[in-house]
Amino acid sequence: MFDFWSIIRRFLYMIFVLWVVATIIFFMFRLMPGSPLTAFIGTTFTDEQHDLLVKRFGLDKSLFEQYTLFLFNTLKGDFGLSFTYNKPVIDMIVEALPNSIILTLFSLIIAYIFGVIAGAYLAWKRDTLIEGISIPIVLTTRSAPEFWLGMIALAFFSFQLDIFPSGGTSAAGVIYETTLSKLTSLHFYYHLILPSLVLALYLQGLPLLLMRSNMLEVMQEDFVTMSKMKGLSSWRIVIYHAARNALLPVATAFTLGVGFAFGGNVVIETVFSWPGLGRLLVFAVSSSDYPLAQGAFIFLTAILIIMNFLADLMYLFLDPRVSYKTKN
Amino acid sequence: MYKKLSAVLVGFISSLLLSFFVSSASAEEIRSMKLWAREQAAGPAPHTAALIIAQTLNELGLDISVNAVPWPQMADQVWYKRLDEDTWDLTMWQMVSRPERSDPDEFTYNLFHSSTADKGYNFIGYVDPAFDALAEKQRVTMDPAARKVLIDKAQQHLADAAANAYLVHPLLNFAYDNSQFKDGSAVEQAGLGIKNIWTYLGIEPINGNQDLVAQSLDEIQAINPFFISGGTDSWITEIVWDRLLRIGPDGTPQPWAAESFNWVNEQTIDVTLRAGMSWHDGKPVTVDDVIFSFEAPMNAEMVPMYSPFVKNIESMESKGNNVVRFNLKSSNAAFLTSSLAKINLVPKHYYEPILQALEGTGNNAETIIEEKRIGSGPFKFVDWRQREQVILERNSDHFNPPKISRWIMKEIPNVEASLGQFRKGEVNFLTDYKGDPAVLANIVEEDGDITLVKSIDVGFQYMAMNHRRAPFDDVNFRRAVSLAIDRDVMVNAAWAGNAVKAGSHVSPALTYYHKDGITEYETGVELAKKILADAGYTVKNGRLHYPEGVAEKH
């Protein structure tokens with residue numbers, strides 16, 4: 001059994017990491033050249049308006065005051081108002097989040113199902129022509145830039161063949177009454193296919209190669225030889241014995257991948273005009289929208305750290321060799 | 001023989017000494033300088049222009065290098081740190097077009113009046129009492145013909161002073177699908193192109209098409225009648241909310257929600273509200289609503305961005321028969337354009353409680369996020385999904401109802417996808433194209449059912465010089481720098497033909513106020529060299545030196 005105090009310690013450690021990240025993010029954005037207000041210049045702005053804005057967003061306070069205020073508000077879960085949208089940051093994150101999660105989860109699942117099966121198969125087909133052809137293809141798709149893959153897919157499947165729509169979550173003029181009605185509409189999934197396939201094409205390399213190398217290792221082990229001696233079919237050996245053991249590291253990669261899913265995908269979202277968190281982040285950074293950028297990054301960090309924590313706890317159950325018991 | 005040689009040698013050495021003595025005593029070398037510009041990705045044309053200009057100016061004996069930086073950094077240095085000791089010398093800059101800029105007042109006054117030099121738009125630090133007088137006078141001159149004379153004078157005055165090195169007015173590129181809209185049914189507005197309310201009202205859908213589907217590369221930030229949030233946002237607010245006047249296709253203000261207006265005297269104007277108008281919720285538009293719409297922005301804490309546009313209003317009163325009287329603090333020729341055609345009319349019964357609820361919360365009207373957006377404009381708000389699309393529908397009860405049934409704006413962050421969707425017909429009106437004009441021209445040729453409309457921008461691209469610092473405090477030096485730049489090269493090489501030459505801050509698109517012939521002037525490095533030599537500047541060892549006795553003050 002695991003020790004209660006060690007979990008508390010891990011939890012405190014988690015809080016500490018969050019504080020460090022929050023501090024770095026706070027100062028990083030303020031050390032960037034240029035005032036956030038410069039993003040507005042060029043619009044009809046007077047001095048009074050400028051001063052009002054400075055006051056309104058607390059930019060007239062000293063850096064230290066701003067920092068303490070920021071920590072205090074973050075503790076309360078209040079990320080403030082976005083400079084540019086004049087809307088609570090948390091609302092904006094919550095609005096963009098479902099789209100990003102769906103896109104990334106969908107792609108992750110496709111990529112991991114395909115990757116695991118193909119990886120196991122290729123391990124079995126070691127030193128054959130199939131392996132010789134497949135591995136370079138996998139490596140190419142893994143290293144090809146996503147935006148390039150995206151643009152090619154868009155040009156070919158959408159603009160040339162007209163099989164898939166070219167972006168967004170709906171055609172022009174379609175209204176989803178609620179998030180639920182969106183998520184249950186076929187029209188939405190029709191728009192999801194192309195971006196998620198491109199993202200999956202990019203993601204499948206990791207589980208595939210991971211699975212393949214694990215399989216190659218596992219298949220050297222005694223219990224596989226034993227199974228062969230028992231006269232089991234090779235199919236049975238691969239699926240029931242080797243693959244199950246090779247899956248553990250792939251599962252870890254998947255969990256972390258889910259954590260990253262919350263961050264959205266900047267490139268794919270931009271190419272396919274997908275309204276997710278990635279685009280929100282890019283906008284926030286490029287327009288020096290401190291509160292939005294800070295809020296979004298801290299939110300993402302928190303999710304990632306929590307996912308890591310959960311993954312660690314899960315290991316206790318998946319693999320009995322891992323223990324959190326302090327060794328005295 | 002020996003004697004002769006030594007005499008030559010002595011003569012040579014003494015002349016060398018003399019020249020050294022003279023140059024060190026009286027003529028100072030002009031320092032190396034930076035020309036600020038945005039990075040290439042942010043705008044290929046101005047970036048290329050900067051490189052060409054630096055090269056040209058170096059032929060005069062200057063040492064100028066291009067300093068390409070992102071916008072926040074450039075704005076920080078040029079705009080906010082303009083009064084610092086170690087600030088900028090030369091920068092690429094631009095003024096963009098907006099409906100209210102079709103009145104020459106904003107550029108004439110704000111860019112060059114001495115009162116805006118320390119913090120406002122006059123970041124170049126141009127201070128000239130004679131010009132101030134001109135700028136002030138045109139503002140209070142109500143008769144257009146008399147005002148035209150003043151605006152012409154102002155343009156010539158600035159050209160003689162070489163206040164800025166104007167480069168080009170870009171051409172705006174817009175296109176629509178003429179298999180979905182009747183060819184020629186889009187309306188061009190002076191200086192803004194065909195992306196304007198007159199097009200949205202007048203464009204005729206054909207072949208079963210009902211909707212206008214536009215696109216924007218930028219994100220929509222807010223749809224709020226009290227918040228000037230972004231360029232794209234204003235395309236929406238201006239058609240959901242009516243204004244008393246609208247800037248017409250010719251660039252002049254004309255009656256809209258106001259049936260008529262009448263100057264009682266130079267500081268008093270009576271506006272008659274059109275009868276029978278109603279809000280999108282069915283309630284009638286009243287004189288009280290009009291007064292409320294102009295009173296709300298007077299609270300600068302609550303509606304900061306619109307407050308400058310009502311600053312000149314002393315008071316308002318209802319005179320009966322749908323007439324509102326505006327009493328102004330001072331006479332202002334631009335009042336029609338910058339106030340009456342600018343302030344969104346809002347229903348008092350809906351917005352008054354919202355503003356009251358915000359009092360004392362520390363938040364202002366810009367934070368209003370509403371379920372309903374109620375205006376009286378030709379389009380009603382239907383739906384907005386952030387980073388995706390905005391849907392508006394026709395207001396059939398409007399006095400000037402549009403022919404299209406829906407106006408849809410898709411947010412598509414990348415240029416290629418926008419073009420792809422336009423070719424496919426998913427977007428049928430290309431409203432925001434920032435890509436290569438040549439690519440668009442090719443597509444128009446290939447497709448066969450696209451109407452491309454190019455128009456001259458009200459805005460302009462220029463190189464600004466810091467008048468606060470030598471040598472730019474010398475009009476001869478500024479003239480030489482400006483005239484060294486070949487404007488044909490700017491148009492053809494930097495802007496690839498997608499621009500026209502500029503000679504003043506009033507675009508040729510504003511046919512009435514643009515001064516004829518102001519874009520026609522001689523340029524060239526030889527001309528510049530002559531101006532510099534005449535003014536006493538000298539070149540030594542390949543570097544330009546100040547006239548004798550002039551030194552840098554910093």
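How many salt bridges does the rule find across the interface of chain B and chain A? In this predicted model, the count comes to 1 salt bridge. The partners are D162(A) and K424(B), whose closest N and O atoms sit 3.1 Å apart.

That pair belongs to a wider interface. On the chain B side, 53 residues are in contact with 54 residues of chain A.

Now for a helix pair inside chain A. Helix α4 (residues 89-124) of chain A packs against helix α8 (residues 186-203) of chain A, with the axes 8 Å apart and at an angle of about 55 degrees. The two helices are therefore oblique to each other, and α4(A) passes α8(A) in a right-handed crossing. From α4(A), the contact draws on N99(A), I102(A), L103(A), T104(A), F106(A), S107(A), L108(A), I110(A) and A111(A). From α8(A) come F188(A), Y189(A), L192(A), P195(A), S196(A), L197(A), L199(A), A200(A) and L203(A). Sorted by type, the residues of this helix contact split into 14 nonpolar and 4 polar, with no charged ones.

Terms used:
Residues are numbered from 1 along each chain as its sequence is written. Chains are lettered from A and ligands numbered from 1 in the order in which they are written. This is a predicted model: local features need pLDDT of at least 70, side-chain atom pairs count only at pLDDT 80 or more; totals for chains, interfaces and linings use all residues. Side-chain values use heavy atoms; hydrogens and water are left out. Axes are lines fitted to C-alpha atoms, for helices over the stretch in contact, and angles run from 0 to 180 degrees between N-to-C directions. Helices (H or I, at least four residues) and strands (E, at least two) are DSSP runs, numbered from the N terminus. Angles under 35 degrees count as roughly parallel, over 145 as roughly antiparallel, 65 to 115 as roughly perpendicular and the rest as oblique. A crossing is left-handed if the near helix is turned anticlockwise from the far one by less than a right angle, and right-handed if clockwise. Contact means heavy atoms within 4.5 Å. Ala, Val, Leu, Ile, Met, Phe, Trp, Tyr, Cys and Pro count as nonpolar, Asp, Glu, Lys and Arg as charged, and the others, Gly among them, as polar. A salt bridge is a side-chain nitrogen of Lys or Arg within 4 Å of a carboxyl oxygen of Asp or Glu.
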